[in-house]
Each structure stands twice: as structure tokens, then as C-alpha cells.
Amino acid sequence: MRNAVVVGAGPNGLTAAARLAREGWDVTVYESAPTPGGGSRTAELIEPGVRHDVCAAVHPSGAASAAFASLQLERHGLTWLHPEIPLVHPLDGGRAAVLHRSLDDTVAAMPAADGRRWRRLVAPILHRFEAVNAFTQGPLLAWPDDLVAATVFGVRGLWPASLLQSMFRGDEAPALLAGLSAHSCLPLDRPFTGGLGVMIGALGHAVGWPVAAGGSQAIVDALGSVIRQHGGRIITDHTVLDLRELPPADAVLLDVSPKQFVSMAGNRLDGRAARPYRRFRYGWSACKVDYVLSGPMPWLSPEARRTVTLHLGGTFDEVAASEAAVQRGNVHSAPFVLVAQASVVDPSRAPDGRHTLWAYCHVPNASPLDVSDRIESQFDRFAPGWRDLVVGRSVRTAPAFAAYNPSAIGGDFAGGSMAGRQLLARPKLAVDPYRTPIDGVWLCSASTPPGAAVHGMCGWNAAGRVLQTSGSYT
Ligand SMILES: Cc1cc2nc3c(=O)[nH]c(=O)nc-3n(C[C@H](O)[C@H](O)[C@H](O)COP(=O)(O)OP(=O)(O)OC[C@H]3O[C@@H](n4cnc5c(N)ncnc54)[C@H](O)[C@@H]3O)c2cc1C
């Protein structure tokens, strides 16, 4: 029987392990933390019985993941819970830009001409959703299986959000686009930001923006269940600092950052081979606040009370100014804030009468700033009176994220910057970005394609390459 060792039990390491275990490999996963999960854990952070997603909370990418579908995680306890509305972007005066599950409803809520333009951007992706989705779940530089789908994505993908927004006249569509595009963790005048925003928005129509019942931990638990069902094991409290510590294996898959890979490889990687991994650039981090509330958030916008996910920050220009400030090394006084109120659809998160609120804004890499007061100023703007509901809060800064997860360099939470070539070529320009210069050693973290989010596709693709290379799978 062939055997594999996986270092790191984040969503990508676990998915790689699950795929190999299902193919009959003997798999062992080593995880440095006391529990598996990486950026997909759920924990009681403030008071007993109230469960918060420590990092990832909302899962359009998980719901669209070919890996999770193939592993049939629903049979291992994962249930997606969908709010009535996937995403709401409040505007002043109780108004909001709304991403409905249906494209027709989304378009109908915009001024007529803007609605027509929004449809022209999104509808072609939805018409070929399966193929476009498959294209974006692997290395973008690979030859596409469906050239039309790649073209549909490519034509939209290139544009900066700042250029796409100039198509619209009202403030709803640009605001929606700004919030979606800000998931790139880049200033909104950079190429690809608009395309990424349109694609994430299209996911809302195609698969929704769900949360996992019980918390994001349920995804990790389901992956762990697949691994164990096929005889694999997960060993926690075990940090791997050097590849030489590992038992002999047919394949070693690393769910870690390129910087860690270089350090673990030591002198097995000469200077030239190490260079692209050393030069890999890390991106923004987050300052995050979790709350226990005694009631639901009193959003001024009625739609905002019917969703889990909100983008706070107002107009396109305001969101763009917030993200530009992060790029300059600052945090804006009115930052763009991502919010999830999971307890709106998942009563299991909190006992009767309690609610959870998860919120973060982008901060520069390694910034020690606690900007929770700036995050809260956005709540004052869009949900006045919310302070009366606060039972408890917990803040996590960039250094705290770095301490929580050794893969999060400087608190980087996207597996590395998406700027420039790193969007297309992660971690380096190569036909096979998962293969490392060391025989039998593969990288499978979010620093490989398709990048950040809880979808497991980096691990799935890396395991696929291992299977192909070893002749176990064609
Ligand atoms: C605040 C925040 C909010 C987010 N929100 C969302 C969201 O809503 N939706 C979404 O899809 N994504 C979200 N993400 C991103 C998502 O969490 C990550 O993209 C995803 O977890 C990456 O998975 P991974 O397996 O590549 O790495 P990770 O999740 O980082 O896992 C790596 C694992 O490897 C372990 N490890 C590292 N080094 C070693 C070592 N030397 N030895 C042993 N073990 C090691 C770590 O402890 C960790 O458990 C968010 C992230 C953050 C921080």
C-alpha cells in the first residue's frame, strides 16, 4: 500500500488526505494545533455554549467546491444553511444593495439600466456555470477543458473594479461590486479585482452564500470523518519543523506557506530552487471582532435582517478608499467591514436569546492595530442602538492570527498576496505549481491554485497530481 504524510490539517491538507485515503493510500496528517481545522475552526470564544467561527464563516466557495461534492461531505454530517438573501450591502438611510439568490431579483432591485448591465456581466457566467467554476478551481494558467468558459471568465476577469463600476449610474451596483471585489484583498483599481468580484457574486446566484450548520468546524469534522473511514489518522499537537522528521512516505503534502516550506526543506533546497518560494509575497491580514449579543442586530435596512453576510462601508468610493488605505500601510477611519450573523439561520450557535456576530476589516500585514472601534463605528452607522445588545466581545489582531496559525505569515489570511503574477502563478510560475523541487514533496496550501477560501481545491488538485504521478490514477 502506498503511503502519504500530510503536514497541516487545514481544509486543504485534510482534503488532500481524504482524496488519497479514498484512493486506498495509507495517510497520516500532522497538525501543530490541539485540534484540526486551520482557518475553519469553531470555538467558544466568549461565553460557554456560544460558538463562533474563529476564521472562515461563510462558504460560497465551499458550496461550489468540486472536492467537497466528490467527497460527499453531507454524508459525513455537513449541512449548508442558506439565508433568505445571500448578501446585503447597506447604504445610508436604511437603503441597501442586495445580492438575491435569483439574478432576476438582483437586477430588479437596481435602476433599470444598471440592472441590464449587471445582467450582462453575470448571466454569461451563470449560463456556463459548471465549466467556468471548474476553470477557476484549478491553476488559471493551465490549458482549459472548455475554451468558451475560460474566455467568458477571462473577458470579465481582467478588469479592475474601478473600471467596471463606471458602467453604472446608480450607487447600488457599484457598492455591491466594491464589496465583492474587496475579497481580493487588493486596492480596487488593480486588474482582476472586478472580475473576481463578479465571479464571487455569481456564486451567490449559482450556489448561494451558506454557513455550515454548527459552524465551519463541521466542514473539518466531515473531512476528518472521510479520512478515518478510509483508515487514515490525524495526529494533533505535532509541529513539523524539518522534513527529515517525517517517516518515510511515497508522497509528502505540505499545507503550509512557501516560507515554512523553505525552512522545513533546509539544505535539501539549494539557493536557486528556493528563490521563488523565498520571494513569495504575503498579503493583508485582518482585525476581527466576535460578539455575543442579547438579540438580533437592529439593522436599518430590512433586507439586512434577512441575510447572514453583510458588507459595510457605503459607496464604491468609500470602500475603495478603505482598501487603498490598507495598501498604503494604514487603516481608514471608516473601514470596509465584512460581517456574518450566523445565528440568523443557525440557532445551534447560541443558546436561547443569544446571537453571534462576526466582523473583520483588512489591515496591513503584521499590523498590531486593534481597530475594533473603527469597525464599531460602521455598526453605529448602519445599526444604531446595537451597543445595547452587547453581552461580550473578543478581538483578534494580525499578530494574534499569526500566533494562532503558523501558516498565516504576518497574519496573512489568503495564503499570500493575490497581486500581480501571484493571482495566476502561485507559488511560482510552473506547469505544475503543486510539485516542489524536492522529489515526492508537494505544496497543497492556499498558496497554490486556486488560492484562499475553504474549498479544499488546492489539496484536492495536489492530491490529484500525486495520484497521476504515482500511476495510481489517470
Ligand atoms: C479572519 C478570517 C476570515 C476568513 N473568512 C473566510 C470565509 O468566510 N470564507 C472562506 O471560504 N474563507 C475564509 N477565510 C480564509 C480561509 O480560512 C483560508 O483560506 C483557508 O483556511 C486556507 O486553508 P489551508 O488549508 O490552505 O490553510 P490553513 O487553514 O491555514 O491551515 C493550515 C494548517 O496547518 C497547520 N500547520 C502549519 N504549519 C504547521 C507545521 N509546521 N506543522 C504542523 N502543522 C502546521 C496550521 O496549524 C493549520 O491548522 C478567512 C480567513 C480568516 C483568517
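In this predicted model, the axes of helix α9 (residues 172-181) and helix α10 come within 8 Å and cross at roughly 100°. Residues are numbered from 1 along each chain as its sequence is written.

Helices (H or I, at least four residues) and strands (E, at least two) are DSSP runs numbered from the N terminus. Axes are lines fitted to C-alpha atoms, for helices over the stretch in contact, and angles run from 0 to 180 degrees between N-to-C directions. Angles of 65 to 115 degrees count as roughly perpendicular, under 35 as roughly parallel, over 145 as roughly antiparallel, and the rest as oblique.

The helices α9 and α10 are therefore roughly perpendicular to each other. On the α9 side, Leu 177, Leu 180 and Ser 181 meet Thr 193, Gly 194, Gly 197, Val 198, Ile 200 and Gly 201 of α10, where contact means heavy atoms within 4.5 Å. This contact of α9 with α10 has 4 nonpolar, 5 polar and no charged residues. In this classification Ala, Val, Leu, Ile, Met, Phe, Trp, Tyr, Cys and Pro are nonpolar, Asp, Glu, Lys and Arg are charged, and the others, Gly among them, are polar.

Helix α5 (residues 112-127) also packs with α10: the two axes come within 10 Å and cross at roughly 65°. That makes α5 roughly perpendicular to α10. The crossing of α5 with α10 is right-handed; a crossing has this hand if the near helix is turned clockwise from the far one by less than a right angle, and is left-handed if anticlockwise. Trp 118, Leu 121, Val 122, Ile 125 and Leu 126 of α5 make the contact with Val 198, Met 199, Ala 202, His 205 and Ala 206 of α10. By class, the contact of α5 with α10 divides into 9 nonpolar, 1 polar and no charged residues.

For helix α6 (residues 129-136) and α10 (residues 193-206), the axes come within 12 Å and cross at roughly 135°. The pair α6 and α10 is therefore oblique, and the crossing of α6 and α10 is left-handed. Phe 129, Val 132, Asn 133 and Thr 136 of α6 contact Met 199, Leu 203 and Ala 206 of α10. The contact of α6 with α10 has 5 nonpolar, 2 polar and no charged residues.

**Ligand surroundings**

Of the 36 residues around the ligand, Glu 31, Gly 39, Val 240, Asp 255 and Asn 405 come nearest; a residue is near a molecule if one of its heavy atoms lies within 4 Å of it.

| Residue | Protein atom | Ligand atom | Distance |
|---|---|---|---|
| Gly 38 | backbone N or O | oxygen | 3.2 Å |
| Arg 41 | polar side-chain atom | oxygen | 3.4 Å |
| Gln 260 | side-chain N or O | nitrogen | 2.9 Å |

**Backbone features**

Most residues other than glycine have a negative phi, and most peptide bonds are trans. The peptide bond from Arg 426 to Pro 427 is cis, with omega near -10°; Pro 427 lies in the loop between α17 (421-424) and β16 (441-443). Another cis bond joins Pro 449 and Pro 450, with omega about 5°, and Pro 450 belongs to the loop between β16 and α18 (457-469). Gln 72, a residue other than glycine, has a positive phi near 50° and is placed in the loop between α3 (66-70) and β5 (80-81).

Key: This is a predicted model: local features need pLDDT of at least 70, side-chain atom pairs count only at pLDDT 80 or more; totals for chains, interfaces and linings use all residues. Side-chain values use heavy atoms; hydrogens and water are left out. A polar contact is a pair of N or O atoms within 3.5 Å; within protein, one must be able to donate a hydrogen and the other to accept it, and residues adjacent in sequence count only if both atoms are side-chain atoms.
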